[in-house]
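Here is a friendly briefing to read alongside the model. Have the viewer open and follow along.

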Amino acid sequence: MIINLSYFVAAVLFILGLKQMSSPVTARRGIIWAGYGMVLATVVTFFHPELKGFLNYFLIILGIAIGGALAWWSAKRVAMTDMPQMIALYNGMGGGAAAGIGIVALLQGKDMSLLIQSIAALGVLIGAVAFSGSLVAYAKLQGLMNKTLRFSGQQKMNIALFAVTVLLGLWVTFSGNDVNNTVLLWFVVLSLVFGVLMTLPIGGADMPVVISLYNALTGLAVGFKGLVLDNPALMIAGVVVGAAGTLLTQLMAKAMNRSLGSVLFSGFGDTATAAATETGGTMKEIEASDVGVMMAFANKVIVVPGYGMAVAQAQHKVWELCQLLGERDVKVKFAIHPVAGRMPGHMNVLLAEAGVPYDMIYDLDEINQEFETADVALIIGANDVVNPVARTDPSSPIYGMPILNADKAKNVIVVKRGKGAGFSGIENALFFLDQTRMLYGDGQAAASELIQAVKEL
Amino acid sequence: MIEGFIALYIFMLAAFTGYEVIARVPVILHTPLMSGSNFVHGIVLIGAMVALGHAETSLERWVGFIAVILGAGNAVGGYVVTERMLEMFKSSKRGG
């Protein structure tokens, strides 16, 4: 009774917490509420009637201590720029746990109805795919695995593998109380392999969508496990995350002008190189001191940050620069593309870390009209999200993607490490425009030079 | 025992709730929110605890034990990362 009441309270706290996380003002309180819910649910579970045996209790406490300590240690240490892959990692762990619960339930073979047994098997499949897929996403973003593996017939092989996995899953489902351990083992292994093979061909630019998808899948798997274990807290929390994650995935895919299908089943870089058209004109270089003058005497400057800023850890310097400009009565605004960086909101988090107030930060829709009145658009480490080709060239793979209209600004300054193309491998027409100047250098070094230049005026 | 249609109702209502909660989120909070929802499915930990709690063979114990470690990692890591991100969202009324 107490346990069920506590689970109910925990579920309410989760939903209220998520709701509060949807506004910057209350977001912090939201995660703390959800945290209370988690602690409450975990503590009362120690009194769950199905927990028995000293050894099991000991192992539970040991497991929580090991998993919790490792996660605590790694989460405290990780730099803000590496957040996306950590989310992928922790999400993968959740998927693995969900798969583990399903495996135990199937091993025990307590009388389950056919429905519950199929849900248990389905949860194992989804959880295992989310687990191994998230780990691959983590490895890719962490730079442990750079190659995007593609070979001909890959999709056919994946489909065949998936079909075999589902068949094994059906075998497990219809085995009743007497699940064959070998079949179960192969079912789990093939699910894991499928997760890896499904994620391998996906390019880094699409990773945020994939992480979000796996987040939703883990939620769904957790919800299914709630049904298997007869635990409403798991069902509600899991399905809420599953639905929310699905919507978030769609929003992200839409922002990138990619359907979920094309993210999962088609390569990105391949078509990009083939379609890259020769862009006329040359890139024109500029000195930091000239940019300093240009910005200091401007009325309005719009800063467009991208992944390059994250890599160079330049957010603090950029904010310092903007404060200097603010002192000179230059209006400074930040324009954030929904998919700038490696995740939606990635840039917001970095800028918030540097202390940029969030009302200086604008979405694509909010700011796109304003580029026309801006004197300078300062682009730091962003590329594809300001590529006007997305508006003009139907043959380009990013054609149709909403972009920031930086090309409408009177002057465009591009801070960039080298002359190469962006993450997607597409040549950026913006760099060749008449009003565009290139400031080559690492984001942090360039920002420092600009600060110096403005100070000297 | 939650069976059949009751479960279906719970699933449906929870799904709508999740959809509605997210629908009004500004882009600025997408990453923290993904992280936050990642934390919420860390509730899988209590499922793993129950699974390990009634394990009877050593194979079941091993799988359950790993599930508890992973679940605890999901919950704790998800919380710390989300909290660290949200900590940085300060009110902006100063300066400006």
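Predicted model: local features only at pLDDT ≥ 70, side-chain atom pairs only at ≥ 80, totals over all residues.

Residues are numbered from 1 along each chain as its sequence is written, chains are lettered from A and ligands numbered from 1 in the order in which they are written, and side-chain values use heavy atoms, with hydrogens and water left out.

**Chain B overall**

- Chain B holds 4 helices and 0 strands, where helices are DSSP runs of H or I with at least four residues, strands are E runs of at least two, and numbering starts from the N terminus.
- Read from the N terminus, the order of elements in chain B is α-α-α-α.
- Chain B has 96 residues, and 65% of them count as buried (under 20% relative accessible area, with exposed meaning over 50% and partly exposed in between, using a 1.4 Å probe and protein chains only).
- About 3700 Å² of chain B is accessible surface, and carbon and sulfur atoms supply 68% of that area (Shrake-Rupley method, 1.4 Å probe).
- Of the contacts in chain B between residues at least 6 apart in sequence, 66% link residues at least 24 apart; a contact means heavy atoms within 4.5 Å.

**Helices α2 and α4 of chain B**

- Helix α2(B) spans residues 30-40 and helix α4(B) spans residues 58-87; they pack at an angle of about 155° with axes 8 Å apart (axes are lines fitted to C-alpha atoms over the stretch in contact, and angles run from 0 to 180 degrees between N-to-C directions).
- That angle makes the two helices, α2(B) and α4(B), roughly antiparallel, a label for angles over 145 degrees.
- On the α2(B) side, the contact includes Pro32(B) and Phe39(B), while partners in α4(B) include Tyr79(B) and Met85(B).
- By class, this contact of α2(B) with α4(B) has 7 nonpolar, 7 polar and no charged residues.
- In α2(B), 11 of its 11 residues are buried, among them His30(B), Met34(B) and Val40(B).

**Helices α5 and α6 of chain A**

- The axes of α5(A), residues 114-141, and α6(A), residues 154-173, come within 9 Å and cross at roughly 145°.
- Leu114(A) and Leu125(A) are among the α5(A) residues that meet α6(A), whose contributions include Phe162(A) and Val172(A).
- The contact of α5(A) with α6(A) divides into 5 nonpolar, 5 polar and no charged residues.

Notes
Parallel < 35°, antiparallel > 145°, perpendicular 65-115°, else oblique. Nonpolar A, V, L, I, M, F, W, Y, C, P; charged D, E, K, R; others polar.
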